[in-house]
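Hi,

Here's the structure I promised to send over. Have a look at it first, and then read my notes below.

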Amino acid sequence: MYKILRKETITPSALLIEVADERAKLVKPGQYALLQLGDDSEPIPLSFLDINESSYTFLVEVVGKTTLEIFELLEDRIKFIEAPCGSPFPLRSYGKVLLVSKNWGIAPLINVGRALKEERNKIYFIHVGENEEKVFLTEKASEFSEDFLLFTEDGSKGEEGNTNWAVRFFIENFGKPDLIVSAGGNLDSQMVSEIAKEKGISHIAMVNAHILDANGLCLACRILVDGSEKLACVDGPWFDGTKVNWDYAIQKELFYKEEEKRALKEFMRQLQRLKARKK
Ligand SMILES: Cc1cc2nc3c(=O)[nH]c(=O)nc-3n(C[C@H](O)[C@H](O)[C@H](O)COP(=O)(O)OP(=O)(O)OC[C@H]3O[C@@H](n4cnc5c(N)ncnc54)[C@H](O)[C@@H]3O)c2cc1C
Ligand code: FES
């Protein structure tokens with residue numbers, strides 16, 4: 001069992017949780033953890049946001065059953081955490097770096113961005129939210145960035161625009177970066193990779209794959225990079241975005257959509273019954 005030190009609702013569908021764990025000392029920038037709320041919950045991967053001596057913080061954005069379960073039912077303990085997981089981000093001096101996050105992708109990019117700044121890179125940050133509910137942590141992201149640009153796809157906050165539009169706007173107005181780093185959505189990273197290839201810019205992307213055990217045994221998270229099979233959980237989550245087969249990754253992500261919808265519907269019914277009983 002892991003103790004929750006802080007739980008803060010930051011938008012109607014996002015939460016920050018700080019967990020006490022001595023393994024915090026072992027965490028390197030860009031890694032993630034596998035969290036399981038209770039015995040009957042599914043384990044899900046979450047990226048480290050802030051890392052302290054003996055605690056760390058996660059951003060949880062509600063997208064389906066398990067994230068809603070954490071949002072609604074998390075109390076003062078978490079049953080199981082595997083940490084740290086995955087390969088750290090390849091830190092070095094790249095020069096001018098553009099970070100591009102979609103929705104929850106802002107959490108890993110704040111974590112990686114701070115470390116890239118320490119390596120004397122010049123950091124620019126674009127956050128694209130689906131809508132204003134998906135805009136969070138903007139102050140933290142601005143702290144280490146030369147410029148922070150905010151877009152929402154429906155124009156409810158910041159400028160209206162999607163990832164493709166935002167990155168092209170940046171290149172026209174701020175010039176070409178040496179590296180683009182993206183996280184938060186495979187479709188968005190695919191858009192970034194196309195621009196990166198067209199303009200000859202390096203691209204490192206976090207690939208979203210279904211992560212079940214995070215230790216390379218179940219093979220659920222297989223993706224294709226440069227024609228070879230890679231395991232997103234241990235070889236990644238960071239890969240050369242221009243070499244990832246994004247169509248394959250996106251197709252695999254959509255495979256469980258119907259089951260995910262059904263699980264969410266069923267959980268919402270259970271939640272209603274639970275809330276009615278509490279009243
Ligand atoms: C390396 C990595 C780091 C991540 N970091 C964060 C983070 O810091 N904050 C955050 O809010 N979200 C993060 N995510 C996404 C988060 O893991 C998913 O949103 C979550 O698993 C969805 O579960 P669900 O039951 O709520 O939704 P579901 O309805 O089950 O799934 C919704 C979508 O989430 C993805 N997903 C579902 N199950 C998994 C799984 N086991 N592993 C990976 N993706 C899954 C799929 O794209 C799916 O279509 C991260 C994902 C990865 C791969
Ligand atoms: S999650 Fe099982 S091998 Fe990657």
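Of the 29 residues in the largest nonpolar core, the ones touching the most other members are Leu99, Ile106, Phe125 and Trp238. (A nonpolar core is a set of buried Ala, Val, Leu, Ile, Met, Phe, Trp, Tyr and Cys residues joined through side-chain atoms within 4.5 Å; buried means under 20% relative accessible area with a 1.4 Å probe, protein chains only.) Helix H2 (106-118) gives the largest share of this core, six residues. Helices are DSSP runs of H or I, at least four residues, and strands are runs of E, at least two, numbered from the N terminus. Domain 1 (2-85) and domain 2 (96-254) both contribute, so this core lies between them; the bounds come from an automatic or database domain assignment.

Before you go on: this is a predicted model, where local features need pLDDT of at least 70, side-chain atom pairs count only at pLDDT 80 or more, and totals for chains, interfaces and linings use all residues. Residues are numbered from 1 along each chain as written, chains are lettered from A and ligands numbered from 1 in written order, and side-chain values use heavy atoms, without hydrogens and water.

What does Ile106 touch, not counting residues up to four places away in sequence? Its contacts (heavy atoms within 4.5 Å) include Leu59, Phe125 and Phe148.

There's also a second, separate core of 26 residues, with Tyr2, Leu15, Ala33 and Leu46 among them.

Cheers

Conventions: Buried means under 20% relative accessible area, exposed over 50%, partly exposed in between (1.4 Å probe, protein chains only).
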